[in-house]
Amino acid sequence: MNLTALLNLFDNLPAYADARELLAQRGELLALGLYKAARPPVLAKLYQEHDGPVLFVHGRVEQIPIWQQELEAWLPDSHALHRFPEPTPLPYERGPWSSNCRQQRLTVLSHLMAGQHPLIPASDRQSRPLILTSPRALLHKTVPKRDFLKAIKLLRLGQLIDLAHLEQSWQGVGYDKVTVVERPGQYSQRGGILDIFPA
């Protein structure tokens with residue numbers, strides 16, 4: 001059940017108007033002293049009225065999926081709600097990241113890049129993501145913006161391409177050559193046919 005229509009009731013509350021004005025002045029909101037049940041709808045309403053991306057950082061990793069479910073009930077279906085996950089290893093440990101974690105992080109970064117690169121046009125939905133994350137996720141390094149934008153490739157219908165050069169560029173940004181493509185970040189070549197699963 002979607003509860004988006006109920007958010008209009010906040011327009012009649014003086015306390016909400018004060019919080020919105022404070023957010024406009026400072027660009028951030030500190031603790032508002034709200035009851036637990038009131039927090040997701042207030043965040044959803046503030047997000048709807050904000051022009052840019054919103055980053056919501058929660059100190060407890062296990063609470064983020066609960067927030068995500070609650071916000072999905074309060075936001076319209078066209079919202080851009082994303083989870084910026086934390087890899088399993090701690091920031092000072094060396095260990096493998098799951099492909100799902102890498103894919104989700106890349107998705108969030110691509111939404112943040114919308115409109116900053118000719119190959120990633122900005123749509124209203126993409127340019128205003130609501131990103132849920134934790135301090136632990138933010139402590140992990142990510143790809144530098146310049147390298148991220150340089151790695152973007154656009155393939156068009158009818159485009160002539162040099163397969164060897166394209167393959168080399170995909171391997172340079174971390175794609176794996178496999179026999180059968182099954183997961184994001186893989187590609188396969190059979191003669192003049194290329195299969196790719198975008199990251």
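Visitor: How many helices and strands does the protein chain have?

Guide: The model is a predicted one. From the N terminus on, the order of elements in the protein chain is α-α-β-α-β-α-β-α-α-α-β-β-β. Its secondary structure comes to 7 helices and 6 strands.

Visitor: What share of the residues of the protein chain counts as buried?

Guide: The C-alpha trace spans about 65 × 40 × 35 Å along its principal axes. The protein chain exposes about 13000 Å², of which carbon and sulfur atoms supply 55%. Of its 199 residues, the share that counts as buried is 32%.

Visitor: Which element gives the largest share of the largest nonpolar core?

Guide: This core has 21 residues, and those touching the most other members are Ala44, Tyr47, Leu71, Leu75, Leu130 and Leu132. Two or more residues come from each of α1 (14-26), α2 (39-49), β1 (54-57), α3 (64-74) and β3 (130-133). The largest share, 5 residues, comes from α2.

Visitor: Which residues does Ala44 touch, not counting residues up to four places away in sequence?

Guide: Ala44 is one of the residues that touch the most other members of the largest nonpolar core. With residues up to four places away in sequence not counted, Ala44 touches Leu7, Leu71, Trp74 and Leu75.

Visitor: Around the axis of α3, how wide an arc do the buried residues cover?

Guide: The buried residues of α3 are Ile64, Trp67, Gln68, Leu71 and Trp74. They lie on the same side of α3, because the arc they cover around the axis is only 125°. In an α-helix there are 3.6 residues a turn, so residues three or four places apart point the same way. What covers the buried residues of α3 includes α2, β1, β2 (81-83) and β3. The arc asked for is 125°.

Visitor: Is Ser169 buried or exposed?

Guide: Ser169 is found in helix α7, residues 163-172. A polar atom of its side chain lies 2.8 Å from the backbone oxygen of Leu166. The cut-off for a buried residue is under 20% relative accessible area. Ser169 has 15% relative accessibility and therefore counts as buried.

Note on methods:
Residues numbered from 1 in each chain as written. Predicted model: local features only at pLDDT ≥ 70, side-chain atom pairs only at ≥ 80, totals over all residues. Heavy atoms only, no water. Core = buried A, V, L, I, M, F, W, Y, C linked by side-chain atoms within 4.5 Å. Buried < 20%, exposed > 50% of the residue type's maximum accessible area, 1.4 Å probe, protein only. Helix = DSSP H or I, 4+ residues; strand = E, 2+ residues; numbered from the N terminus. Contact = heavy atoms within 4.5 Å. Polar contact = N/O pair within 3.5 Å; in protein donor to acceptor, adjacent residues only side chain to side chain. Arc of directions from axis to C-beta. Areas by Shrake-Rupley, 256 points an atom, 1.4 Å probe, with all protein chains shown as cover.
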